[in-house]
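Student: I would like to learn how to read a structure feature by feature. Please give the general idea and then the case at hand.

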Amino acid sequence: MSPIRLEPLDLFLASALVLLDAGLSVALGLRIHRQVLWAAVRMVVQLVLVGYVLRFAFALGSAPVVLGIVVLMLLAAAREVAVRPAHRLRGAGNFRIGIMVVGMSTMATVLLALFTAIRPLPWYDPHYVIPLTGIILGNVLNAASLGLDTFFAGVLSGRAAIEARLALGSNVRKALAPHIRDAIRKGLIPIINQMSAAGIITLPGIMTGQILAGMGPMEAVKYQILLMFLLAGGSGLAVAAAVFLAARAVTDERQRLRIDRLTKR
Amino acid sequence: MTPTTLLSIRQLQSPHAGPFTLDIGRGECVAILGPSGSGKSVFLRLLADLDPGSGEVYLAGEPRESCSGPAWRSKVVYHAAEPAWWELTAAAHFSAEQGACVQGLLPLLNLSPALLDSDITRLSTGERQRLALIRSLACQPQVLLLDEPTSALDPASTLAVEQLLRSRLEAGLAIVLVTHSEALAGRLGQRCLHMDKGCLTP
């Protein structure tokens with residue numbers, strides 16, 4: 001089966017549902033109608049722009065163009081990782097952690113998928129590279145920012161206990177261990193939820209998309225399983241790296257806790 | 001530096017306090033009095049290498065930089081005014097090797113061994129303060145930096161703490177004692193110094 005094409009009028013009708021949300025806000029005094037409408041407008045503009053960018057990239061299909069788009073996506077994701085936590089490291093420390101973590105974990109998982117499982121020709125085929133990078137980035141970003149937020153909050157609230165351990169001769173790894181564990185665990189919860197809910201509570205996005213686009217269910221399922229594994233690996237790498245880098249950043253060469261390097265957003 | 005000097009402090013300072021220059025002998029207790037916010041705790045934290053600063057500190061002639069931060073802090077132990085706990089019971093804060101030492105110290109501070117296994121948040125402030133002192137002493141420090149160690153204690157417990165500290169001083173421990181009690185400073189300290197606006201004066 002070939003996908004059923006949507007016409008602008010179809011979208012126009014569906015947009016009435018956003019107006020329903022806005023109306024709800026006005027009626028119940030939620031005061032989010034402007035936010036709802038603005039978010040909907042942003043979504044439409046962003047997606048249409050992305051559509052044009054992808055059409056351009058697919059038409060050219062050259063390695064530098066694909067690489068350029070991937071780098072822009074990585075930078076945007078790193079920025080999100082940096083601004084999401086309630087606390088930030090001085091001197092753009094969050095962004096530095098974000099770019100390292102997002103770049104490393106996304107590259108590792110995307111390249112693994114491209115060279116072992118999917119094997120497109122050429123290997124940088126934008127039809128595969130760009131959507132794959134996008135999905136993995138979204139999850140990596142989630143895991144890393146949750147991990148950082150939990151770690152910074154934990155270190156701040158547990159400061160007295162951490163310093164008490166240091167004052168008794170503990171090394172920083174031992175003194176920070178409970179907070180490192182908590183933060184990594186928190187970052188992995190979304191992917192664990194996604195995997196355990198997949199198919200029963202939710203029909204995951206990729207699978208849904210491919211079925212709508214006419215792919216057979218079993219083929220769509222195989223893609224979804226591959227993706228979940230990639231997301232699990234990417235999330236784990238990202239949150240562990242983010243939290244360990246953050247732990248390094250809030251301590252120094254004399255193994256002191258350097259809360260002074262954190263500022264509140 | 002005299003032969004009995006244990007801790008030598010030279011031009012130690014942070015942006016908030018100092019510079020401090022001071023020699024403390026083996027078995028000596030230096031008491032520091034002064035108003036709240038004058039920099040007493042800042043000084044102790046600097047000595048323990050918990051906050052960054054400039055200047056030099058030597059322990060028995062060895063510069064602080066010759067050992068790692070944790071190694072330094074296990075020899076020069078900072079005992080905070082409000083001791084923090086990170087496990088559910090006091091017992092979980094001690095290593096297996098510290099067990100005998102802890103059991104020996106409990107009766108000296110009028111504490112029952114049963115307290116070790118009770119929920120730490122259920123204990124009184126005074127009990128926690130004495131347990132924290134045991135925790136600091138169980139590290140076998142060479143220098144103990146005490147920040148108001150008897151602020152929550154009744155007279156009998158204060159006396160017990162004083163006796164314990166005196167016996168440790170006789171065994172060679174050096175103590176820097178920050179306190180608001182001039183009486184305690186006078187009884188324990190061989191020397192009394194005053195901290196005012198980040199400066200130490202006799």
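Student: From which element does the largest share of the lining of the largest pocket come?

Tutor: Some ground rules come before that. This is a predicted model, in which local features need pLDDT of at least 70 and side-chain atom pairs count only at pLDDT 80 or more, while totals for chains, interfaces and linings use all residues. Residues are numbered from 1 along each chain as its sequence is written, chains are lettered from A and ligands numbered from 1 in the order in which they are written, and side-chain values use heavy atoms, without hydrogens and water.

Tutor: Now the general idea: rolling a probe the size of a water molecule over the atoms shows where empty space is left. Here a pocket is an open set of points on a 1 Å grid over the protein atoms alone, where a 1.4 Å probe fits, with protein on both sides within 12 Å along at least five of seven lines; lining residues have an atom within 4 Å of a point. The largest share, eight residues, comes from α2(A). Helices (H or I, at least four residues) and strands (E, at least two) are DSSP runs, numbered from the N terminus.

Student: How much space lies in the largest pocket, and which residues are the closest to its centre?

Tutor: The largest pocket holds about 780 Å³, a volume being the space filled by probe spheres set on the points, which are joined across faces, edges and corners. It is lined by 19 residues, and A:Q46, A:V50, A:L72, A:M73 and A:A76 are the closest to its centre. Two or more lining residues are given by each of α2 (33-60), α3 (63-83) and α5 (126-157) of chain A.

Student: How do the lining residues divide into nonpolar, polar and charged?

Tutor: There are 15 nonpolar, two polar and two charged residues. Ala, Val, Leu, Ile, Met, Phe, Trp, Tyr, Cys and Pro count as nonpolar, Asp, Glu, Lys and Arg as charged, and the others, Gly among them, as polar.

Student: What is the pattern of chain A along the sequence?

Tutor: Chain A reads α-α-α-β-α-α-α-α-α-α-β, with nine helices and two strands.

Student: What does α4 of chain A reach from its first C-alpha to its last?

Tutor: A helix has an expected span of 1.5 Å times one less than its number of residues. Helix α4(A), residues 93-118, has 26 residues and reaches 35 Å, close to the 38 Å expected. A:R119 follows α4(A) and has a positive phi, near 45 degrees.

Student: Which residues does a cis peptide bond join?

Tutor: The bond is between A:L121 and A:P122, with omega about -10 degrees. A:P122 sits in the loop between α4 and α5 of chain A.

Student: In what order do the six strands of the open sheet in chain B run?

Tutor: Strands pair if DSSP finds at least two bridges between them. The order is β6-β7-β8-β3-β9-β10, with mixed pairing. β6 (76-79) and β10 (199-201) of chain B each have a single partner strand, so one side of each is left without a neighbour in the sheet. The twist from one strand to the next averages 20 degrees, where angles run from 0 to 180 degrees between N-to-C directions and axes are lines fitted to C-alpha atoms, for helices over the stretch in contact.

Student: In which sense do β6(B) and β7 of chain B pair?

Tutor: They are parallel, over four bridges, and B:H79 stands opposite B:L146 in β7(B). Helix α4 (residues 125-137) of chain B lies across both strands, at about 170 degrees to β6(B); contact means heavy atoms within 4.5 Å.
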